[in-house]
Amino acid sequence: MNRQFDIIIVGAGASGLAAGIHGAEHGAQVLILEHMDKAGKKLLATGNGKCNFRTKRDGYSYPASGQAASVREVLLIECRRRKVAIACNVGIRSIQKQGGFFLFRTKQGEYRSRACIIATGGKAGRKTGSDGSGFPYIIGFGHKLTDIVPALVQLQGKQSFLKEIAGIRAECLTELYINHKKAAEDLGELQFTETGVSGIPVFQISRYAAYALQQEKQVMVNLNFLPDYSEKQTKELLRERFFIYGEGKTAQEALTGLFPAKLNRVLLKESGIGPDEKASGCGKQKLDRLAFSIRHLRVDITGTKGFDQAQVTAGGVDTGEIHPETMESRLVPGLFFAGEVMDVDGMCGGYNLQWAWSSGYAAGKSAAEYCKRNTRNINRRKQNREKA
């Protein structure tokens, strides 16, 4: 294989492949170095294996095949068409800039390029290659990293009732409180696990929880299972179910159909109502407590499920040190960044993939243009020397 290229990209994920395609499209000779055995492994896990890139139900878009592998294959086809070289199982030992070139020392030998794009991802998903291994190279170039935490990740709680309702899904408003102040909220289907809470609304607020936990702040989520009802309407609903239509029913039976049966049992328990208690015999005070539990079920958050379970990393290369139009380093000419390695993370819904592809496009195009300018300057200096 040729050992010298216009652009060498570190990382063959979504952003690295996009950068390679657009770098080659703008005339550059491109090599992508990947330390895993295959390119685009993390893409296969996106959108639960369907690769949500944002317009189907609820605004989500998927490939017609319903397979993330299709998106990965399209990117690889385009790389082949553009003659982008991809080398897998490459162990990089160091990246340095020497003169006008970047020198890559690897277990397989040395490579050189005029421009370098770092697209190594963050730390979320070690099995797919996103293990934080790119950060030492970045620090070596003098760049600062912001604090790094898992995002789009399950949260862990300490309440004992979690084991009783593990696996239950319910629509609710999930509100995040940090040191008793509301910090974020999201509406959607929540899922209980044996150790905490999961689901899209939890993922959406998880980055804020992770940062707060890192700073040793108090973190809790408030679950409201009737967000479309006011407190007064909730109380009226319960009185109707328990007093008007509750004759001959137990408290558990009075709630039947309102929420999943196991969740009903927990809500009653948290309100001090026995499931077999006569519905019509429950007093106003007990029903008011039940109304409160329905709108304010508390889960104290003790941690996240960590980077291995996270879909994305929050934090990374300080964006203040990067030109936003080109993705080029403000510190090192010819050094570019793409994707999750930067301090940019989005919500569920394809936003992180969109960032990967958008930043990959900008980095690839700009790196190719940098190489052209660099070549022109070298030729100009050479001509001036010859004239002299």
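User: Which way do strand 8 and strand 13 run, and how many bridges join them?
Analyst: They run antiparallel, and three bridges join strand 8 (residues 155-157) to strand 13. This is a predicted model.

User: Which residue is the bridge partner of Gly157 in strand 13?
Analyst: Ile301 is the partner of Gly157 there.

User: What about strand 12 and strand 13, how many bridges there?
Analyst: Four bridges join strand 12 (residues 219-224) to strand 13, and this pair is antiparallel. In that strand 13, Asp300 stands opposite Met220.

User: How many residues of strand 13 are buried?
Analyst: Six of the eight residues in strand 13 (residues 297-304) are buried, so the strand is mostly covered under the cut-off of under 20% relative accessible area.

User: Switching to cores. How many residues are in the largest nonpolar one?
Analyst: The largest nonpolar core has 61 residues. Ile7, Leu33, Phe104, Ile117 and Phe337 have the most contacts inside it. Helix 9 (residues 351-387) gives the most to this core, with nine residues. Apart from it lies another core, of 43 residues, with Cys172, Val221, Leu290 and Ile294 among them.

User: What does Ile7 touch?
Analyst: Leaving out residues up to four places away in sequence, the residues Ile7 touches include Val30, Leu31, Ile117, Ala367, Ala368 and Cys371.

User: Cysteines, then. How many disulfides does the structure hold?
Analyst: It holds zero disulfides. Cys172 is in none, and the nearest cysteine sulfur, in Cys348, is 15 Å away.

User: Is Cys172 buried or exposed?
Analyst: Cys172 is buried, because its relative accessible area is 0%.

User: On to helix 4. What span should its 15 residues have?
Analyst: At 1.5 Å a residue, helix 4 (residues 200-214) should span 21 Å. Its end C-alpha atoms are 22 Å apart, so the two values agree.

User: Where does helix 4 bend?
Analyst: Helix 4 bends at Ser206, by about 45°. Ser206 is also one of the buried residues of this helix, which include Pro201, Phe203, Ile205 and Tyr211.

User: What is the phi of Glu216, which follows helix 4?
Analyst: The phi of Glu216 is positive, near 60°.

Note on methods: Residues numbered from 1 in each chain as written. Predicted model: local features only at pLDDT ≥ 70, side-chain atom pairs only at ≥ 80, totals over all residues. Heavy atoms only, no water. Core = buried A, V, L, I, M, F, W, Y, C linked by side-chain atoms within 4.5 Å. Buried < 20%, exposed > 50% of the residue type's maximum accessible area, 1.4 Å probe, protein only. Helix = DSSP H or I, 4+ residues; strand = E, 2+ residues; numbered from the N terminus. Contact = heavy atoms within 4.5 Å. Expected span 1.5 Å × (residues − 1). Bend = angle between axes of the 7 residues up to and from the residue. Disulfide = S-S within 2.5 Å. Pairing = 2+ DSSP bridges.
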